[in-house]
Amino acid sequence: MVGMSLACSLASMPLTKHLNVAIIDSNPALVNGIRINKQDPPDPRVSTITPATTSMFRDIGAWQYLQPYRHAYFDQMQVWDYTGLGYTRYHARDVDKDSLGCVVENKVLQSSLLLCIQNADFQKRIFPSRLVSMSLNPGLKSKQMDGISSEISRADLAKLHLSDGTCLYAKLVVGADGSKSQVRELAGFKTTGWNYSQNAVICTVEHASENQCAWQRFLPAGPIALLPMGDNFSNIVWTMNPKEALDRKSMTEIDFVKTVNHALDHGFGPHPTSSLLGKGNIFSWFGAGVPTSGNGGFEIPPKVVKLASERMVFPLSLRHANDYVSKHVALIGDAAHTVHPLAGQGVNLGFGDAFALSRVIGEAIAVGMDIGEASLLKKYEAERKPANIAMMAILDGFQKAYSVDFGPLNILRAAGFHAANYISPLKRSIISYASGEQRLPLFT
Amino acid sequence: MASKLLHRVRAVSARLKYSRTLSPTLAAFASSRLLSDVAPSASTSPAPQSSGSSDKFEHNAKSSSVRSSLKDPELAKFSAIADTWWDSGGPFKPLHLMNPTRLAFIRSTLCRHFGKDPSSARPFEGMKIVDVGCGGGILSEPLARMGASVTGVDAVDKNIKIARIHADLDPVTSTIEYCCTTAEKLVEEQRKFDAVISLEVIEHVADPAEFCQSLSALTIPEGALVISTINRSMRAYATAIVAAEYLLHWVKEMAGFVYNPLTGRWSLSDDVSVNFIAFGTKNSQ
């Protein structure tokens, strides 16, 4: 998805639409197209798109292809934990916006990006194959070119060998091939990171009526998130240790629904009460008044009626490439960084990378520079790395803070909930940052 | 002291008044040269700004166009030098850092002057541009990528060889014509260009007045001329600024070039006190 968004972005800008782009992806859907039946129940693989990402999609002309299909905006979010000591309720009104985000199935995102690129007046060619090896001559860069002659063999180009025997020369190789990126391997980028001892169970569930709020409850083993998908469906992302994950995947559907409801409701601890610290008046001297949603009391999430898809399990890890770029190569998306799903940020960071890279490429072409030039690519890295690392650090911090059941720490977390709920500048800042409007988590 | 300087500036400009309409430029730069004590050809000149050589215009190199006729041993020797010259993290790093900023200025002024579409990837399509003092081709190559038919000239043969090798690596830039020659020789050959660009050169020239005359002669009527230079002495700075302001009417647009040592970046600004780039046009006669 992230790679395709880069291609769409390049196609949409006058400075870059003349570039020759080769898309190397062995997914047959790229060649055959992605057929989406509106009657199908939703796929469990979804992404939460921030408003910033939505507007980027609109800019490149891809959002229009998405709109006919199921997607759900949500304007409220409630976050609490099992201790029952505090909760935070966010509302898009707090930042004068209509929504906090939009939940879309990945296949819908892929399809809309594919349609966007197919309909664009853009020279692209899809190679349904895999990258096998790559050689980066120290002197050369190139965006894909067909037509190899003996002169080019001395040129400053990257040479790629594909599994079907094709040989490509390119000025710039963009690795958008996910967390186990082959491009990253072949280019020799080192990574830092660790595996979380947690897996995520992902599935779609159905309610009796429409769910319009995003819910996240931190449990002792990991958070459970309930994300509205439209048509009475919601997506569940439940993080827990690997053994429990296996159990939950294999238990019967009825039992699974019971455990989900239990986890969202009374399981593991009590509900937070709104009046724990005197309705938040104690905080009113902090900020410019109590935000409107601070007065909305705690709500219990809607009951899950039945399971609507298969259950999938994924291991979670944090990984960050030490460098994103070198001559002829740039990494975007999960190839550069993977994060914990607890805030729905991962793919949004990836889209942010794609649009930043495409802008940097446009700026380079404006001054006639060679697009594979390392100094230019470093500009992209300098823009995205701090933002990505800041986000990763925050998410990792949350993950660690919530994985310990320790009295004083629980109180601290509760204080955090209350602060976020009742101190309006803080709440606005949090929403702004999570929505992608603010690049770094600082008060501005 | 200021009035004495001004007097000398007037004297110089009077001498050149009837030569070309670009004479105010000549005066501006001539005065900076005549009145300054600093000989830019001294070893203090930072090599990167003069494209690697401070003895550019002391040679009377013969006009020769070096095409891809290099033999293998020569190729190997110059390839190594070319790699160093072109290494954006190497000894010529300041020059490479400065380049995008200069190109942004050139793109903006030339597009506006010639009515070209600034959002096009190749706005200079169909234009003939000469890069006087091209060095290793750091300016010529981006200009070629922007669509121009570029001729790069440099009086130092080594630079031309480096430029040729590097330009041949990319089909787009291999169309650049490189000649080891001087501006004066080009004038003798009656070459004409839509835009004449000479950056960081004039401070090394023995006779700036004559140099500017040559640059002007190479420009077609209603063509464009872009010059940049560095002020390296207080006196040169004072006189050049005074002169430029006094004779400002030829300069359509001038921008200062400012280096921020903390970020390591060049940017355009209104501060012309250190290094500046100027764009002017030749009126038809």
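**View 1. Residues 167-255 of chain A, a span that is 20% helix and 54% strand**. In this predicted model, the end C-alpha atoms of residues 167-255 of chain A lie 53 Å apart. Helices (H or I, at least four residues) and strands (E, at least two) are DSSP runs, numbered from the N terminus. Residues 310-391 of chain A come out at 48% helix and 21% strand, with 31 Å between the end C-alpha atoms. UniProt, in an unreviewed entry, lists these two stretches, 167-255 and 310-391 of chain A, under "domain: FAD-binding"; UniProt positions are given in the numbering used here, feature names are shortened, and annotations may be inferred rather than shown by experiment.

**View 2. An open sheet of three strands in chain A**. Here you can follow the order β11-β19-β18, with mixed pairing; two strands pair if DSSP finds at least two bridges between them. β11 (173-175) and β18 (325-326) of chain A stand at the edges with a single partner strand each, so one side of each has no neighbour in the sheet. β18(A) and β19(A) (residues 329-331) run antiparallel and are joined by two bridges. Look for S326(A), whose bridge partner in β19(A) is V329(A).

**View 3. The salt bridge between D81(A) and R413(A)**. The closest N and O atoms of this pair are 3.6 Å apart, where a salt bridge is a side-chain nitrogen of Lys or Arg within 4 Å of a carboxyl oxygen of Asp or Glu. The pair links distant parts of the chain: D81(A) sits in strand β4 (residues 76-81) of chain A and R413(A) in helix α11 (residues 407-422) of chain A, 332 residues apart. Over all chains, a search of the whole structure finds 25 salt bridges.

**View 4. The interface of chain A and chain B**. Chain A brings 16 residues to the contact and chain B 15 residues (contact means heavy atoms within 4.5 Å). About 1,300 Å² is buried between the chains, 58% of it on carbon and sulfur atoms; buried area is the accessible area (1.4 Å probe) that two parts lose on being put together, summed over both. Two salt bridges are found across this interface. In one pair, D170(B) and K171(A), the closest N and O atoms are 2.7 Å apart.

**Notes.** Residues are numbered from 1 along each chain as its sequence is written, and chains are lettered from A and ligands numbered from 1 in the order in which they are written. Local features need pLDDT of at least 70 and side-chain atom pairs count only at pLDDT 80 or more, while totals for chains, interfaces and linings use all residues, and side-chain values use heavy atoms, with hydrogens and water left out.
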